[in-house]
Amino acid sequence: MKTVIVENTVCLNTGDAAILLAIRHILKAAYPGELRFQVFDSQPEVASRLYPSQAYPDIEIRKLLSESIFKYPYDDNRLKNLAKPIYNRLALSALRHYGKSRALDETMFSAGDRHSLDMYRQADLVVTTGGTYLVENYNLERRLNQFRIDAIFGKDPVFFTQSLGPFNKDYNRRELKPAFDRSPLILLRDKRSHGHLDGLVDDPGKCHVVADSVFALADKKRIETLLSAGTPPAQTGRVGISVRHWNYVNDGADGMHRYMASIRDIATTLVRNHGKQVTFVSTCQGVPEYAHDDSKTARAIVAELDADVAAHVDVDAGFHTPEQLMELVKGFDFVVATRMHMMIMSLCVGVPVLPIAYEFKTRELAKRVGLAELLLDIDSVTPEEAAHKLAAFTGDLDRLRETTLAAVLEEHASAMSAADLVRPLLADASALADASADVTGDGLPRRDEGAARLRNGDHEGERHRVA
């Protein structure tokens, strides 16, 4: 049996959980033996409740070490925040000496953290999860600290399929470069992300553009059946809509009002002109402990619908695992999706999608599956444009279903090609661990610059943003 650590997950987000399950699926295809997954998440107690061991016996969820060991500004207590860089410097030093002094280990790290650190020492492979978290909309310090922990324990993480960058801040470029250089494999979701690594990776040959890992979960048999049927599937009369609040939309509150008005017009048109029953459902909802709940935005949209339309619209505000959400989506004729993984999971079960982009990752995906001309953009969408593209989408739905689902089969093959790339790393995992292990951290590239940053507390003024 080999143990695989998957770090930096946020499993309270169903899209992120789908990435985790897809990584698991791909790695199992890459390795014929037994794999056990130790998942390091921001909110492990809640994630363990949502994904219990009875249903996922090969997955153990623990607290992300960079959030457990290091401290970050979270309030306006100036004295506490001034002390945190000093504490973080001590913690970094203690990590470099972990295992040499029981007294020091027990002073600096809880029993749970020591158990997790031992897991890192013994792991066969470390994967930093796929997704979009290495972008400068967010403070990257927690991620950088996690990569520092990886380096101290001689674990060079595989970067699973990412949309990342651009990196315009000198500090981020300086601190990310060692992590990228140490990584044996970097998977990107799009050519644009690949370009954002220019100057940050000495060996670009280890960087590969493949489809989002969640396409590995595509129901190939269902899609092939739909494509070979020769006639479109029977209509259910139901349409799903996924929305979200977006802090960084152009024009701020006015931009969100414009976006919500556009969605409201889409729902109205679907009910009045197409006779549809509309359900708002998304990948971020139904978990009180999570910072994001798309059903709140959905309810705000529905609250201002005309009564005759609202009678045919409902908000599904419950939590759904990836498996449950994909099963639910099978009952829709199509989906209007703002969340990218709502889009991908819908396509994975053969349901066409009209996409709305809030970051470049969705624009790049729309190109790959033949939807670029119909894509709506949260930064510029208007009710008029939404009505025009909805009409074009519904008027050409049968052809779009055929072209996009054919593209999904290609995306599935591309996502699964990651198994060939990671297979040698799993086969050689033990040898690589023995060769690279350096618990003291001696000689780690740029570690002193990171320590200086922690000592000076320069990063502490940058709030940790959450999408």
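Trainee: How many aromatic pairs does the count come to?

Mentor: This is a predicted model. Rings of Phe, Tyr and Trp pair if their centres lie within 6.5 Å. By this rule the count comes to eleven.

Trainee: Are the rings of F167 and F180 stacked, edge-to-face or tilted?

Mentor: The ring centres of F167 and F180 are 6.3 Å apart, and the planes stand at 50 degrees. Planes under 30 degrees apart count as stacked and those over 60 as edge-to-face. The pair F167 and F180 is therefore tilted.

Trainee: How many residues apart in sequence are the parts that the pair of F167 and F180 ties together?

Mentor: F167 lies in the loop between strand 5 (158-162) and helix 8 (170-182). F180 lies in helix 8, so the parts tied together are apart in sequence by 13 residues.

Trainee: Which residue does a cis peptide bond join to G165?

Mentor: The omega of this bond is about -5 degrees.

Trainee: Where is N8, with its positive phi, found?

Mentor: N8 is not a glycine, yet its phi is about 70 degrees. Its place, residues 2-9, is strand 1.

Trainee: Are helix 11 and helix 12 roughly parallel or roughly perpendicular to each other?

Mentor: Helix 11 (residues 252-272) and helix 12 (residues 294-302) have axes 9 Å apart and pack at an angle of about 65 degrees. Angles of 65 to 115 degrees count as roughly perpendicular. Helix 11 and helix 12 are therefore roughly perpendicular.

Trainee: Which residues in helix 12 meet M260, I263 and R264 in helix 11?

Mentor: Helix 11 passes helix 12 in a right-handed crossing. By class, their contact has four nonpolar, one polar and one charged residues. On the helix 12 side, the residues are T297, A300 and I301.

Trainee: Is the crossing of helix 14 past helix 15 left-handed or right-handed?

Mentor: Helix 14 (residues 322-329) packs on helix 15 at an angle of about 65 degrees, with the axes 9 Å apart. P322, L325, M326 and V329 of helix 14 make the contact with M342, M345, S346 and C348 of helix 15. These residues divide into seven nonpolar, one polar and no charged. The crossing is right-handed.

Trainee: Are helix 15 and helix 16 roughly parallel or roughly antiparallel?

Mentor: Helix 15 (residues 340-348) and helix 16 (residues 360-368) pack at an angle of about 25 degrees, with their axes 10 Å apart. Angles under 35 degrees count as roughly parallel. Helix 15 and helix 16 are therefore roughly parallel.

Trainee: Which residues in helix 16 do M340, M343 and I344 in helix 15 meet?

Mentor: The contact of helix 15 with helix 16 has four nonpolar residues, one polar and one charged. From helix 16 come K361, T362 and L365.

Trainee: Which are the edge strands of the sheet of six strands?

Mentor: The open sheet runs in the order 10-9-8-11-12-13, and its pairing is parallel. An edge strand here pairs on one side only. The edge strands are strand 10 (313-315) and strand 13 (376-377).

Trainee: What is the bridge partner of A357 in strand 13?

Mentor: Strand 12 (residues 353-357) pairs with strand 13 in the parallel sense over two bridges. For A357, the partner in strand 13 is D377.

Conventions. Residues numbered from 1 in each chain as written. Predicted model: local features only at pLDDT ≥ 70, side-chain atom pairs only at ≥ 80, totals over all residues. Heavy atoms only, no water. Axes fitted to C-alpha atoms, helices over the stretch in contact; angles between N-to-C directions. Helix = DSSP H or I, 4+ residues; strand = E, 2+ residues; numbered from the N terminus. Parallel < 35°, antiparallel > 145°, perpendicular 65-115°, else oblique. Left-handed = near helix turned anticlockwise from the far one by under 90°. Contact = heavy atoms within 4.5 Å. Nonpolar A, V, L, I, M, F, W, Y, C, P; charged D, E, K, R; others polar. Pairing = 2+ DSSP bridges. Phe/Tyr/Trp six-rings, centres within 6.5 Å; stacked < 30°, edge-to-face > 60°.
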